[in-house]
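Work through these exercises with the sequence and the model open. Try each task before reading its solution.

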Amino acid sequence: MVAQLFSIIFQPMNLLLALGGNAIGLIFGAIPGLSVSMALALFLPVSYVLDGFRGILFLGNMYVGAVSGGLFGSIMLGIPGTTSAVATTYDGYPMTRKGQVTKALGIGIVSSFIGTVGSVLCAMLFSPLISKVAVLMGPWELFSLCFCAIVLVVTISKGDMWNGLISALFGVIFACVGFSPIDGTKRFSFGIKAILGGINVTALILGLFALGTVITNYGQHKNTNPPVPKTEFKGLGISLKELVQNRILILRSFFIGLWIGFLPGMGGGLSNQVSYAMARSASKHPETFGKGNPEGVYATEVANNASIGGAIVPMITLGIPGDSPTTLILSALIVFGLEPGPMLMVNTPEYAYILYFAMILGAFLALGLSFGGMRAFPKILSIPYHYLFATVVLLCFTGAYSLSNSTAILMVCVALAVINVFFVYAGLPRAPFLLGFILSPMLESNLRKGLTYTDYGFAYFFMRPASCAFLLIAFISLFWPMARERLDAKKKARMAEQNPS
């Protein structure tokens with residue numbers, strides 16, 4: 001099978017698709033205001049035109065390119081291109097201001113390569129083992145696992161946890177529009193023909209992540225280009241000796257990124273912050289962090305790219321995406337007619353491995369394009385936003401129209417973009433909404449099966465050990481923050497009584 005997959009990947013047309021996807025991803029990742037999710041959302045309809053293998057190859061390379069490209073905005077502008085590159089600004093931009101832009105970019109590019117290749121190889125190793133365990137799960141365990149995944153995403157949502165819970169609930173409700181998956185009953189369509197068959201997942205993604213982002217950015221006046229400082233590039237900025245000297249830091253950051261990426265809903269946005277904090281606490285000179293210490297760039301860029309491999313493991317083996325970009329890739333796999341989850345590695349393992357190989361190829365392509373195009377990125381970062389956003393809107397409408405050749409789907413996209421505006425101003429995060437929407441069919445189907453397969457009703461979900469464990473984790477994660485706040489309040493009250501002065 002490996003020889004066959006290699007023969008598919010290295011066909012000239014497939015290599016061009018991989019190169020194009022990687023280049024698009026790098027540009028979307030590098031430019032602040034665009035994002036990994038926007039790139040994948042816009043080009044999902046393009047992947048549907050391709051056959052399954054080519055579509056996965058295209059999207060996998062775009063995902064890797066976009067995550068890798070975030071370092072350019074962080075290092076050259078001090079503005080992260082993606083949320084997974086926020087901590088890279090802490091030392092990357094100070095290095096640029098000290099005239100070490102080539103060194104900072106070289107460290108970031110090579111670190112991203114190491115994190116991606118290493119994490120994908122780990123995913124290839126562990127996915128079959130996890131799938132063998134997951135196949136033994138019944139509807140009770142699968143329902144509890146999906147419920148646990150949604151709750152974990154909610155509990156780490158930015159801002160108010162309850163806003164995350166409301167957002168996830170909206171996602172579950174939106175997924176119920178159309179026909180019931182069990183008995184075919186019409187639900188929540190209100191006579192609107194455009195959504196009678198359910199809300200199209202691609203239209204939802206284009207409306208929320210592409211068109212909605214453009215509208216909110218203009219509404220918040222985030223449509224002006226930050227100035228790009230004049231920089232001089234010399235060489236590659238990194239040597240093998242430096243990599244060897246920082247091997248402990250690289251390994252520690254790699255495993256932090258891999259583990260955090262595996263946890264549902266966390267991904268690179270958290271891993272690069274945690275890795276940076278760990279690098280600073282372990283350093284002999286923590287006072288130099290934030291002032292242009294190369295160790296800060298090593299730690300963050302290895303970790304956020306290591307999250308790639310971690311995030312695709314639950315997506316492939318359990319059908320539960322590790323972060324927002326893998327949620328979009330999961331929706332593409334569903335459209336391709338695949339069934340992400342325990343049976344994917346059993347029935348169609350070649351599709352899982354084509355994704356792994358595509359991402360490894362993407363790491364090599366990102367390495368070459370990043371070093372080769374290092375001097376071109378200042379010009380790319382200077383593209384006026386009114387050109388970028390106009391292109392995004394055009395691609396959004398073109399992609400949506402191609403789904404059904406009907407203007408009704410465009411109206412659905414616009415409506416969802418308006419809903420995104422409501423989400424932004426109400427403080428509701430999009431990640432729980434999208435995860436709730438994607439997992440809702442699995443959640444509902446397994447809940448109904450679990451209730452009909454036994455006479456014990458809901459109690460049987462707690463009588464199965466694994467199912468009970470997942471539910472307990474979910475409830476503890478949900479209610480522990482409230483309990484902790486009350487405990488902290490009582491502790492402060494006791495301290496105030498003991499020290500009245």
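**Exercise 1. Trace the network of salt bridges that links Arg187, Glu444 and Arg448.**

Solution. 
- Step 1. Keep in mind that this is a predicted model.
- Step 2. Start at Arg187. Its salt bridge partner is Glu444, with the closest N and O atoms 2.8 Å apart.
- Step 3. Check burial. Arg187 and Glu444 are both buried.
- Step 4. Move on to the next link. Glu444 also meets the side chain of Arg448 in a salt bridge, at 3.8 Å from N to O. The cut-off is 4 Å, so this pair counts.
- Step 5. Arg448 and Glu444 both sit in helix α20, four residues apart, about one turn of the helix.
- Step 6. Classify the two by accessibility. Buried means under 20% relative accessible area. Glu444 has 14%, so Glu444 is buried. Arg448 has 30%, so Arg448 is partly exposed.
- Arg187, Glu444 and Arg448 form a linked network.

**Exercise 2. How many salt bridges does a search of the whole structure find? Then describe the one between Arg464 and Glu141.**

Solution. 
- Step 1. The search finds four salt bridges.
- Step 2. Arg464 and Glu141 form one of them, and their closest N and O atoms are 2.8 Å apart.
- Step 3. Locate both ends. Arg464 is in the loop between α21 (459–463) and α22 (465–498), while Glu141 is in helix α7 (residues 139–155). They are 323 residues apart, so the pair links distant parts of the chain.
- Step 4. Compare each end with the cut-off for burial. Arg464 has 21% relative accessibility, so Arg464 counts as partly exposed. Glu141 has 6%, so Glu141 counts as buried.

**Exercise 3. Which residues of the largest nonpolar core touch the most other members?**

Solution. 
- Step 1. The largest nonpolar core holds 120 residues.
- Step 2. Leu42, Tyr63, Leu204, Ile205 and Tyr356 touch the most other members.
- Step 3. Helix α4 (residues 52–76) does, with 14 residues.
- Step 4. Take Tyr63 as a case. Residues up to four places away in sequence are not counted. Among the residues that Tyr63 touches are Val36, Leu40, Ile308, Ile312, Pro325 and Met359. Asp323 and Thr326 are also on its list of contacts.
- Step 5. Look beyond this core. Another core lies apart from it, with 26 residues, including Leu142, Cys146, Leu152 and Phe461.

**Exercise 4. Which residues form a nonpolar patch on the surface with about 390 Å² of accessible area together?**

Solution. 
- Step 1. The patch is made of Trp162, Phe462, Phe475 and Phe479.
- Step 2. Phe475 is in helix α22.
- Step 3. Phe475 has 33% relative accessibility, so Phe475 counts as partly exposed.

**Exercise 5. Are Ser253 and Thr348 buried or exposed?**

Solution. 
- Step 1. Take Ser253, found in helix α11 (residues 247–262). Its relative accessibility is 1%, so Ser253 counts as buried.
- Step 2. List its contacts, leaving aside neighbours within four places in sequence. Ser253 is in contact with Ser275, Ala299, Val302 and Ala303.
- Step 3. Take Thr348, in the loop between α15 (344–347) and α16 (349–372). Its relative accessibility is 19%, and the cut-off is under 20%, so Thr348 also counts as buried.

**Exercise 6. What does the radius of gyration say about the overall form of the protein chain?**

Solution. 
- Step 1. The secondary structure comes to 22 helices and two strands.
- Step 2. A compact globule of 501 residues would have a radius of gyration near 23 Å. The protein chain has 23 Å, so the value agrees with a compact globule.
- Step 3. The C-alpha atoms fill roughly 70 × 70 × 50 Å along the principal axes.
- Step 4. Buried residues make up 55% of the 501 residues.
- Step 5. Among contacts between residues at least 6 apart in sequence, 78% join residues at least 24 apart.
- Step 6. Finish with the surface. The protein chain exposes about 21800 Å², and carbon and sulfur atoms supply 68% of that area.

Conventions
Residues numbered from 1 in each chain as written. Predicted model: local features only at pLDDT ≥ 70, side-chain atom pairs only at ≥ 80, totals over all residues. Heavy atoms only, no water. Buried < 20%, exposed > 50% of the residue type's maximum accessible area, 1.4 Å probe, protein only. Patch = residues over 30% accessible without salt bridge, like charges linked within 9 Å, V, L, I, M, F, W, Y side chains within 5 Å. Areas by Shrake-Rupley, 256 points an atom, 1.4 Å probe, with all protein chains shown as cover. Core = buried A, V, L, I, M, F, W, Y, C linked by side-chain atoms within 4.5 Å. Contact = heavy atoms within 4.5 Å. Rg over C-alpha atoms; globule rule 2.2 N^0.38 Å.
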